[in-house]
Amino acid sequence: MSEIKTEQDVPKETRTGWALRAPFNKRLAFTALWVIGGLPIAALLGLMAASGPERTMALLHQGWDRIGQAFETRPTTRPPVYITLPDIVVNAGHGTHARHLKTRVVVKTSFENAEKVEQYQAEIMDMLIEFFRTSGGEVTQGSAGLYRLRAEMLRRINLVVGEPVVEQALIVEFLQQ
């Protein structure tokens, strides 16, 4: 078998000229150009005819803004921080009504305020011990007793810190004798 070296070596009936040199034919090239460039331009012209040039440009601008917003980095919110305070053991009440109270409190705060709550931990503990000693256990009486206790602890903790940085005061252990 002989090897084909030039276009003249190919028999004339099998030569098609442009098709030998290009990897695709003219119709495919025209279709690709129409899809890539022609259709978007035709759609834009149709939109301009339907809504007017000012409205079309406003719509296009909004579309680009939405695309930009989709790729923006959004700040991630950090989960809340739970700080466990040391156990509190106090003698509540006086004389025959004396009770022993042991409790463990966990405070919930934001990540940004956790350091501030830890700075005031000694003052918070002092206030809670004094609160439990002077309450004498009456705060926990009744069906809404623990609810009132949590609300009062939250109020007092935020007063000690000086601003409302603590979101919740949770009682995880409560023993009263």
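Is Glu163 buried, exposed or partly exposed? With a relative accessibility of 35%, Glu163 counts as partly exposed, because that value lies between the 20% limit for buried and the 50% limit for exposed. Glu163 sits in the loop between α6 and β4. Leaving out residues up to four places away in sequence, Glu163 touches Lys116 and Asn158.

The structure shown is a predicted model, and a word on confidence comes before the rest. The mean pLDDT of the protein is 77, and 66% of its residues reach 70 or more. Confidence is lowest in helix α1, residues 18-21, with a mean of 50. At the other end stands strand β1, residues 81-84, where confidence is highest, at 94. Where pLDDT is low, the predicted coordinates should not be read in detail.

Now to the overall layout. The protein contains six helices and four strands. Read from the N terminus, the order of the elements is α-α-α-β-β-β-α-α-α-β. Of the contacts with a separation of 6 or more, 61% are between residues 24 or more positions apart. Among the 177 residues of the protein, 23% count as buried. The accessible surface of the protein is about 13200 Å², and 58% of this area belongs to carbon and sulfur atoms.

Ile88, Val90 and Ala92 make up the covered face, while Val89 and Asn91 make up the uncovered one.

Arg104 is found in β3 and is partly exposed, with a relative accessible area of 28%. Not counting residues up to four places away in sequence, Arg104 touches Thr84, Leu85, Asp87, Leu170, Ile171, Val172 and Glu173. The C-alpha atoms of Arg104 and Leu175 are separated by 9.3 Å, although these residues are 71 residues apart along the chain.

Lys108 also lies in strand β3. Its relative accessible area is 17%, so Lys108 counts as buried, the limit for that word being 20%. With residues up to four places away in sequence left out, Lys108 touches Pro80, Val81, Tyr82, Val166, Glu167 and Gln168.

In soluble globular proteins, nonpolar side chains tend to be buried together. The largest nonpolar core of this model has 23 residues, and Val107, Leu128, Phe132 and Met153 touch the most other members. Which elements give two or more residues to this core? They are β2 (88-92), β3 (99-109), α4 (114-119), α5 (121-135), α6 (145-161) and β4 (166-176). Helix α5 gives the most, with six residues.

Apart from neighbours within four places in sequence, Met153 is in contact with Val105, Leu128, Phe131, Phe132, Ala169 and Ile171.

A pair of aromatic rings is described by the distance of the centres and the angle of the planes. How many aromatic pairs are there in the model? The count is one. The ring centres of Phe131 and Phe132 are 5.4 Å apart and the planes are at 50°, so this pair is tilted. The reason for that word is that planes under 30 degrees apart would count as stacked and those over 60 as edge-to-face. Phe131 is buried, with a relative accessible area of 5%. Phe132 is buried as well, at 2% relative accessibility.

Notes: Residues numbered from 1 in each chain as written. Predicted model: local features only at pLDDT ≥ 70, side-chain atom pairs only at ≥ 80, totals over all residues. Heavy atoms only, no water. Phe/Tyr/Trp six-rings, centres within 6.5 Å; stacked < 30°, edge-to-face > 60°. Buried < 20%, exposed > 50% of the residue type's maximum accessible area, 1.4 Å probe, protein only. Core = buried A, V, L, I, M, F, W, Y, C linked by side-chain atoms within 4.5 Å. Contact = heavy atoms within 4.5 Å. Areas by Shrake-Rupley, 256 points an atom, 1.4 Å probe, with all protein chains shown as cover. pLDDT = per-residue confidence, 0-100.
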